[in-house]
Amino acid sequence: MKYENLKDELLSAVDSGLKYARTIDGKAEFELYLFYEHATKVKISQGVVDATDGSVEGNAIRVAKDNMVSFASSSGISVERIKRSINEALSSLRAVSIKDERFKGFCKPKRPGKEGVFTKEILNLSEETLINIARDTVKEAQEFDKRIHAVESECSAEWGGFAVGNTNGLQQASRSALNGCEVACIAVKEEERRTAYEFDITRERLIKTSGIGTKAAQKAVSLLDAKKLNKTTVLPTIWVPIAAASYIVASLGQSTSGGSVVEGLSPLGDKIGQEIADSRLTIIDDGQNPTGINTEAIDAEGYPQQKTTIIEKGRIKQFLFDSYYAQIYGTESTGNCTRQTRIFGSSIPYETSPQIQFKNFAVEPGNKNLDALIASIDGQAILIVDIPIGIFHSDVSTGEFSAVAQSAFLVEDCEKKWPLEPVSVSGDFYNGLKQLRDVGGDLEKTVFTVETPTLVFDGFSIVG
Amino acid sequence: MLTELQKCVELGEKIGAEFVEARFEDLTLRTLSRVNDVWKDVILRSRAGIGIVCYYGGASGYSFTSSEEDKELERTVTRACKMAKASANAASLKLDFDRRTPLKSQKSDTFQVKTHPKTEDLGYKTDLVNRTVDKARECGKSISSIIGRYGELYGRKLFTNSEGSVIDWNFELADLQCRVTSKTTSGSLVNGGAQAGGTLGLEHFNTKGSTPEDIGEEAGTYAKEQIRAKACSAGKFRALIENRLAGVLAHESFGHLSEGDFIVVGESPLAGKIGAKLGTKNATIVDYGTPDISKFGGLWLPYDDQGMKASRTVILNEGVLEHYLHNRGTAKYLKQEPTANCRAVHFGFMPIPRMTNTYFTAGDLTKEEALESLDTGVYAIQTSGGQVGGDGSFLFKAERGYWVQNGEIKEPIREVSLSGNILNLLSNVEGGTKDLHLEAGYFGGCGKGGQFPLPCGLGGPELVIREVTFGGKAG
């Protein structure tokens, strides 16, 4: 498969699959999703090298008839594999009455949005190049400080696309490419171990890896000589962009999904137009940001991706929808159907039934840099400089969370003081949004496809 | 298919690989998910593909394909070999391994269940879910949402390598779950959940405690109880950790740190600590691919994805670190025996050191003695998962719990998190109950190196631990 022909080949297979499906059951509705992705990945960890190169390809079928819907998928995009899925989905449908009265049909054809930008250089990244990049970043980190004990660097180049077709006449495809480098290192001093992580993931240019290793090493070393907080208390917390992004994903990633709203799982469900956060908070989801990691022309059911304002000046404006939940809720899809999440990795898109997910969240920045935010704190606060452990093990319905910030500093009397031994941070995500104390101006793209500045919250419980 | 795999091995050797592993899997995954009265997912997935690992100069290269055509298989082997050679040039730490006597699997290596999921039709399984949801619904008017789920994963796993091993067996896993969300009078939402899963036949769902009605009622009852539950105070308390949560501790906090790949590169704080006293004599942690499933539950894994036969590995023996979890390369490098822990989530990934069934071994306390020993503190029950950092920091969620005063269970408490450093925690384990229980699930699983969700078994007895940090409400 070549990048240039990818969409044509996938669309041609979609067309053949739909024609076959109609011959099997002319009264049923069909939706066919085909996926192809080629990836080269290299990981170097203390001199151990792992390299993988291969293509993930597969198909997924949804069949609907008399308010019954079934799903089948299989690996491969050959005609035989597609037929296998069609027959299995139909077989499930015929085997048992599993009605979904809310289902009103697959996506209607619409003019697609735009694919994101990408550099063709990604297509030519070889395993040798990736190995060299990984080796250089490891070397950089190791040379920074003798206390850097373990460094792992993972580089990847991937490209691919998907096509969707259904019996409403929709046939669309989208493609994209990405390259990335992630460096993790551990600084060790006697029994103390501190970890840090840096990355660059882009589509519009080749990764800029010079300095990543140094930055990760510098961060890890700065966390050494940590002191115990030695108290259980309530303190302001300052979340730098990568930590703030994890907070946004854990709190709003699911609760703004129309699926959670319709199913009664989101406490934000009945709060459209209401103030759910401090007025300094504005968040959009931009599925058409040209450089956004999740930007595609269409979503995973063929609906055009778009830009949606979620929270405006603290008020909830809109939830995110696919066409299924949109029609139940009485609105239009926002183009947020997805079959995979790049955030947590390895689900195979064609094996995943359609669900709702934000594309590229962006938090509107304020004006202060990190130093100014720290200077605005009277008394004590906790500065969280990495993703707290357990932040994603929270529940959308309760909003209660508890996480361990293992990369944190004490802030006291307007100054950043010393690193802290891991502290437990807990509270309620939704109350946290209301107790947002400040929004920084230091906007950063993060690995979670969330672009955010530093956020400062009041009111969380701290145990350290 | 064995012939095709053997051809792949031959081709790999011919084009320069020093050792080749070829594996094929043909798995079926079924997911049924009902949310309230709506069938959200009726999914059948067929996952078939081939993975090739080529070894060269102490390094490895991996490639895979979902095609069974000769030309694509040739391309896949060539790619894997090319990746191995490129890696060898850059590798400064080589992970060679010795050749061994070839292994041949037996028919008896596949766990035999009475009613295999593939023998029952879809209606039988939707009925399991319907019965679960219907029973949960009887548990009160405050319910805002009920999710009933059934999952099954089964199929053939075939493996051969340059030694001539031929491993051919069938994986099987079934799981029935219910999750109930209720609304409190103040409008906040609370949850209750119950599950039965592992390598088991569908007959398991006829046994007491694991019937759809039992699972639905348990989830509904817990959600109802959570309505009046209070938030746990933040701070350090004595704790009684229930079986499933003890399993998450064993898996997440300790098991990952004992994985050979983290050890050889020095990423784990357990590196170089074989023989060190890390916990009390009450802390013994084992990883075992073929435990007594009919007695304890769990997941049946007679071979790993590197063709090694399952073994019982005592990682921590009465507080002393004894062994790591290995693939063949890390075992040789660290001068230990391979432990059959090299696993991949599916054919699209290279196998890496992972756990099988990881658990604390049973102690000698009765439940009453455990509560008495706890005296005053938190009884933490069930779990929605956890996470561990490279320094041994961990955080686990107990889905619910009780405050215990003078050995008596008092009021229920809301979802609560436990955190700390695993090495400190192991030195605070005071005792365990006699009942060992293992569990595995279709939904969720273990994540590592981008490979998620890998089914794993975990469990233990109930553990009494002092000085556990609970994240809750301060003040």
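A salt bridge is a side-chain nitrogen of Lys or Arg within 4 Å of a carboxyl oxygen of Asp or Glu. I kept that rule at hand while going through this predicted model.

**Entry 1: the two domains of chain A.** I looked up the domain assignment of chain A and found domain 1 (6-222) and domain 2 (232-463). I then noted the spacing of their C-alpha centres, which is 23 Å. To the contact, domain 1 of chain A gives 47 residues and domain 2 of chain A gives 45 residues. I read off a buried area of about 3,500 Å² between these two domains, with 57% of that area coming from carbon and sulfur atoms.

**Entry 2: polar and charged pairs.** I counted five salt bridges between domain 1 and domain 2 of chain A. I also looked at the salt bridge between the side chains of Lys219(A) and Asp386(A), at 4.0 Å from N to O. Residue pairs in polar contact between the two domains come to 13. On the domain 1 side of chain A, the elements giving two or more residues include strand 1 (29-45), strand 4 (148-166) and helix 4 (212-222). I sorted the residues of that side into 18 nonpolar, 12 polar and 17 charged.

**Entry 3: Asp305(B).** I turned to chain B and found Asp305(B) in the loop between helix 7 (293-296) and strand 9 (312-317). Is Asp305(B) buried or exposed? Its relative accessibility is 8%, so I put Asp305(B) down as buried, the cut-off being under 20%. A polar atom of the Asp305(B) side chain lies 2.8 Å from the backbone nitrogen of Ala344(B). Beyond its neighbours within four places in sequence, I listed contacts of Asp305(B), among them Arg23(B), Lys157(B), Phe159(B) and Pro351(B).

Conventions
Residues are numbered from 1 along each chain as its sequence is written. Chains are lettered from A and ligands numbered from 1 in the order in which they are written. This is a predicted model: local features need pLDDT of at least 70, side-chain atom pairs count only at pLDDT 80 or more; totals for chains, interfaces and linings use all residues. Side-chain values use heavy atoms; hydrogens and water are left out. Domain bounds come from an automatic or database domain assignment. Contact means heavy atoms within 4.5 Å. Buried area is the accessible area (1.4 Å probe) that two parts lose on being put together, summed over both. A polar contact is a pair of N or O atoms within 3.5 Å; within protein, one must be able to donate a hydrogen and the other to accept it, and residues adjacent in sequence count only if both atoms are side-chain atoms. Helices (H or I, at least four residues) and strands (E, at least two) are DSSP runs, numbered from the N terminus. Ala, Val, Leu, Ile, Met, Phe, Trp, Tyr, Cys and Pro count as nonpolar, Asp, Glu, Lys and Arg as charged, and the others, Gly among them, as polar. Buried means under 20% relative accessible area, exposed over 50%, partly exposed in between (1.4 Å probe, protein chains only).
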